[in-house]
Amino acid sequence: MTVPRITAVHLGGAPGLPLLVLGPSLGTSAQTLWSQAAAHLTDSFEVIAWDLPGHGTNATVGSPYTLAELAAGVLAILADHTSFSYAGDSIGGAVGLHLLLEAPTRVKSAVLLCTGAKIGEPDTWHERAATVRASGTTAVLEASATRWFAPGFLDRAPETGAALLHALRDTDREGYAQACEALATHDVRDRLATIHTPVLAIAGRDDVPTPPASLQAIATGVSNGRLVVLDNTAHLAPAEQPLEVARLIHAHTTNAPTIAEVRTAGMTVRREVLGATHVDHATTTTTDFTADFQDLITQYAWGTIWTRPGLDRRSRSLITLTALVAGGHHEELALHLRAARTNGLTPDEIKELLLQTAIYCGVPAANTAFRIAQQVLTDLDRT
């Protein structure tokens, strides 16, 4: 894997505050795109933005890369942080999708602005890369000004617009071209459903490269997403609407559950389903060797999956029992048979499930499962 060099730009906020990471748009710098919005966020977050190769503070332009590799570069500058919230515009939002796919345990929440699971067509990106390699970024200044800003913005905020266009003019032509080529291969539409982190998608109503429909596809494609459409906004929402973008980021990010909250919810469900006696025993007998595993199953199995509203606990028990029979996990099967009764399954329903496993998991597996179930049900009848 090629991991491009990413440079971090500290935009304010005290170390020790929750970390918010901000991603750029193609042809912009972290400072010009995000500084105004970041100023409204530094009371609550330590804010770090990053620059693409050849953009802003990042003079390094190495080998070509993909957006997944760019996401790996972002993670490399965050090696000292176990988790963070993320917001990114355009290519920065697309990198956010790759962070959510490749490092879901690191990203607590994400705000994706003016972006898409696929942006444009490969041929268009390759043509733009060739143009900029031949003539520099001045060749795309006029078209970028049209794409970037809603009608009237340059008259309302000439200094902001000029700073962004100057950043584009100063961008290294090879750095810009490589980012175009990375966007040409970006397409994660078929993977959105695997993203479970809370996502806020923000669209500009006047955005042509990534119109509201592009953000709607993200909001409905992920398992926990919603869409906000901003009026009088095109492709650079953080610069065009800094106060409103900051407000939306703050509201979304502070409402996202923390890892501690997920773990607490997981422990609650675990105790309700498996019983306090079992969980207390597992907790009190935890050692340094098993502690990380206990934390893993509490946070992810119970806090992330069993707390989801899409299936009731009866249904989750049915699925779990089937999987345990198929895998031959007999000790866990006995545990979850008791949990299934707690979740409301009757002995007849358990029998029907085990009969079906005889067909789909094999008669020997079902035979053992019937034996274990008979013992568990008999023991429960005695209590």
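Asn 232 lies in the loop that runs between strand S7 (225–230) and helix H10 (237–240), where helices (H or I, at least four residues) and strands (E, at least two) are DSSP runs numbered from the N terminus. The structure is a predicted model, in which local features need pLDDT of at least 70, side-chain atom pairs count only at pLDDT 80 or more, and totals for chains, interfaces and linings use all residues. Residues are numbered from 1 along each chain as its sequence is written, and side-chain values use heavy atoms, with hydrogens and water left out.

**Loop residues with positive phi**

- Asn 232 is a residue other than glycine with a positive phi, near 55°, and its relative accessibility of 51% means that it counts as exposed (over 50%, whereas buried means under 20% and partly exposed lies in between, with a 1.4 Å probe and protein chains only).
- Ser 90, which is not a glycine either, has a positive phi of about 60°; its place is in the loop between strand S4 (84–89) and helix H3 (91–102), and at 7% relative accessibility it counts as buried.

**Packing of helix H12**

- The axes of helix H12 (residues 259–274) and helix H13 (residues 276–284) come within 6 Å and cross at roughly 125°, the axes being lines fitted to C-alpha atoms, for helices over the stretch in contact, with angles from 0 to 180 degrees between N-to-C directions.
- H12 and H13 are therefore oblique to each other, given that angles under 35 degrees count as roughly parallel, over 145 as roughly antiparallel, 65 to 115 as roughly perpendicular and the rest as oblique.
- H12 also packs with helix H14 (residues 291–305), at an angle of about 80° and with the axes 7 Å apart, so H12 and H14 are roughly perpendicular to each other.
- In this second pair, residues of H12 including Ile 259, Val 262 and Met 267 meet residues of H14 including Ile 297 and Trp 302.

- Leu 113 touches, among others, Trp 34, Ser 90, Ile 202 and Val 245, not counting residues up to four places away in sequence, where contact means heavy atoms within 4.5 Å.
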